[in-house]
Structure formats: C-alpha cells, structure tokens
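Please look through the sequence and the structure below before reading on. The paragraphs after them take the parts in turn.

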Amino acid sequence: MATTTPEMSKKEIARHYANAIVKLVIYIVVYVIVAAIIHWIIVSLLPMFHVNIKPYEGYVNVLLALAFGYLIVSAFADVIYWSMRFRYDHPTARAMRNVFLLIGIGALVAGIAGAIGGGIAGVAVGGFLGIVIGFAVQQVLGQAVAGLFLLLARPFRIRDHVNLLGEDGIVNDVAILFTEVLKSDGSKVLIPNNAIIGNKIYLLPKQQPPQTQQQQQK
C-alpha cells in the first residue's frame, strides 16, 4: 500500500482508490487463469506423457489459494483503506484496513482448511479452525475494534492533554492497538485501546509538549 499524508487531495485519493480496485480485479483474474491452466496441465497434458500427479492436485490448489488469497485479501483491504480516505484521515482508514486484513486472513485460512477436509468434515475442520483463530486473535481484534471506535468517535485527539487510566500527558498517537501518551517527563506510555473503552477519559486544560517545556527551561 502506498504511503499517504493527511494533505492528499481528493483527486489523488480517487486515483489510488481506482488503482486499488484494478489491482484487486487483476489478482482475481490471474488467480482464476493460473488455476485453470494448472488444472489443464495436471488433468490433460501430463497424462499424455504418462505422468500422473492428479492425486496431488489438491495440494497445488492449496498453495495457489494461499499465495493468491493473501494478495486478494490485501488488495481488498487497500480498497477499503482508500475508500475510507474520502471521509476520514490516515489513522482511521489504516485502522479499518488492518481490521479487514485480520478478518480476511482468518477467513482465508479457515476456508482452505474446510476445503481440504471436504464435505461435512471440511465444514467441521473449517469451523473448528475458525474458533481457534477467533480465540487466538480475540485480544488483538478487541483492541483493533476499540482503536477504530476511538478514531471514529474521537473522544480525544492528538495533542490533547488527557488523563487515561491514571496516565497524565499529551496524546501523541492513536494507532490500531495502542494510544500513545507523552508524559511531562518525556516518557511515552502505550495504553491498550480496549482498556480505554469503558473507563473514564479526562480531558485536561491544554499544556505544552514536554520538549517545548524543556527548551524554555534552557
């Protein structure tokens, strides 16, 4: 994904958005074509030379699905990112992109596991793996969703003077997983976003960043 700045014009964002859609379509078309060619080689071409690898076709398809699946999921997440940039800033759009990327990768792995098992067994394997992945990433997803909520609701903004969970300082960054608070002594505190949601948020009078205060003292 291309880097971006909050000052990008609507025209530039629209260009990146169109490029992301084109890339997504290309990945899907190339995947379908490559899968069809490999199927023809395994089923029709190789048997002419008395080479039979048809029993291994499923493994080849799994490798293709993993490779192209990640590219397609990543491209789709980029489409989400650039579509969000029309209304929101870079941190908010980035948070939404990361959430879709995590969900997409989890769905991809669960879907491939289900396809390998086939039938009812495949559904069971895919569902079980989906549950395992869900438990494994629930903390990360919880923080990601909380971070997205903070970016959309904006109870505080960057450079606001706040008190979060007893930590007093200036908001330096609101990322997908953590909110970074710069304290008066120059130290940085990374607070998990899901810990902020549901707790009191104190918006304090504006104060100068620690670097400025130190320069004035000198």
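**A walk through the model**

Helix H1 bends by about 40° at Ile41. The structure shown here is a predicted model. H1 covers residues 10–48, and its 39 residues reach 56 Å from the first C-alpha to the last. That span is close to the 57 Å expected at 1.5 Å a residue. Just after H1, His50 takes a positive phi of about 60°.

Which residues of H1 are buried? They are Ile13, His16, Ala20, Leu24 and Ile42. Helix H2 is included in what covers these buried residues of H1.

The next topic is the core. In soluble globular proteins, nonpolar side chains tend to be buried together. In this model the largest nonpolar core has 29 residues. Those with the most contacts inside this core are Trp82, Phe156, Leu164, Val174, Ile191 and Ile196. Several elements each supply at least two residues of the core: the helices H1, H2 (57–84), H3 (90–117) and H4 (119–153), and the strands S1 (161–164), S2 (167–174) and S4 (188–192). H2 gives the most to this core, with 7 residues.

Not counting residues up to four places away in sequence, Leu164 touches Phe156, Thr179, Val181, Ile191, Ile196 and Ile201. Among these partners, Phe156, Ile191 and Ile196 are also listed with the most contacts inside the core.

Asn163 lies in strand S1. Is Asn163 buried or exposed? Asn163 counts as buried because its relative accessibility is 17%, and the cut-off for buried is under 20%. The side chain of Asn163 reaches the backbone nitrogen of Gly166 at 3.2 Å. Leaving aside neighbours within four places in sequence, Asn163 is in contact with Asp168, Lys200, Ile201, Tyr202 and Leu204.

Aromatic rings are the next topic. A pair of aromatic rings is described by the distance of the centres and the angle of the planes. The count for this model comes to 4 aromatic pairs. One of them is formed by Tyr17 and Phe86, and this pair is edge-to-face, with 5.7 Å centre to centre and 85° between the planes. The pair links distant parts of the chain: Tyr17 is in helix H1 and Phe86 is in the loop between H2 and H3, 69 residues apart. Tyr17 counts as partly exposed, because its relative accessibility is 27%. Phe86 is partly exposed too, with a relative accessible area of 29%.

Tyr31 and Phe68 form a pair whose ring centres are 5.5 Å apart. Why is this pair tilted? The planes are at 40°, and only planes under 30 degrees apart count as stacked, while those over 60 count as edge-to-face. This pair also links distant parts of the chain, with Tyr31 in helix H1 and Phe68 in helix H2, 37 residues apart. Tyr31 is partly exposed, with a relative accessible area of 27%, whereas Phe68 is buried, with 14%.

Phe149 counts as partly exposed because its relative accessibility is 48%. Apart from neighbours within four places in sequence, Phe149 is in contact with Arg154 and Ile197. The C-alpha atoms of Phe149 and Met96 are separated by 10.0 Å, and these two residues are 53 residues apart along the chain.

Technical notes. Residues numbered from 1 in each chain as written. Predicted model: local features only at pLDDT ≥ 70, side-chain atom pairs only at ≥ 80, totals over all residues. Heavy atoms only, no water. Core = buried A, V, L, I, M, F, W, Y, C linked by side-chain atoms within 4.5 Å. Buried < 20%, exposed > 50% of the residue type's maximum accessible area, 1.4 Å probe, protein only. Helix = DSSP H or I, 4+ residues; strand = E, 2+ residues; numbered from the N terminus. Contact = heavy atoms within 4.5 Å. Expected span 1.5 Å × (residues − 1). Bend = angle between axes of the 7 residues up to and from the residue. Phe/Tyr/Trp six-rings, centres within 6.5 Å; stacked < 30°, edge-to-face > 60°. Polar contact = N/O pair within 3.5 Å; in protein donor to acceptor, adjacent residues only side chain to side chain.
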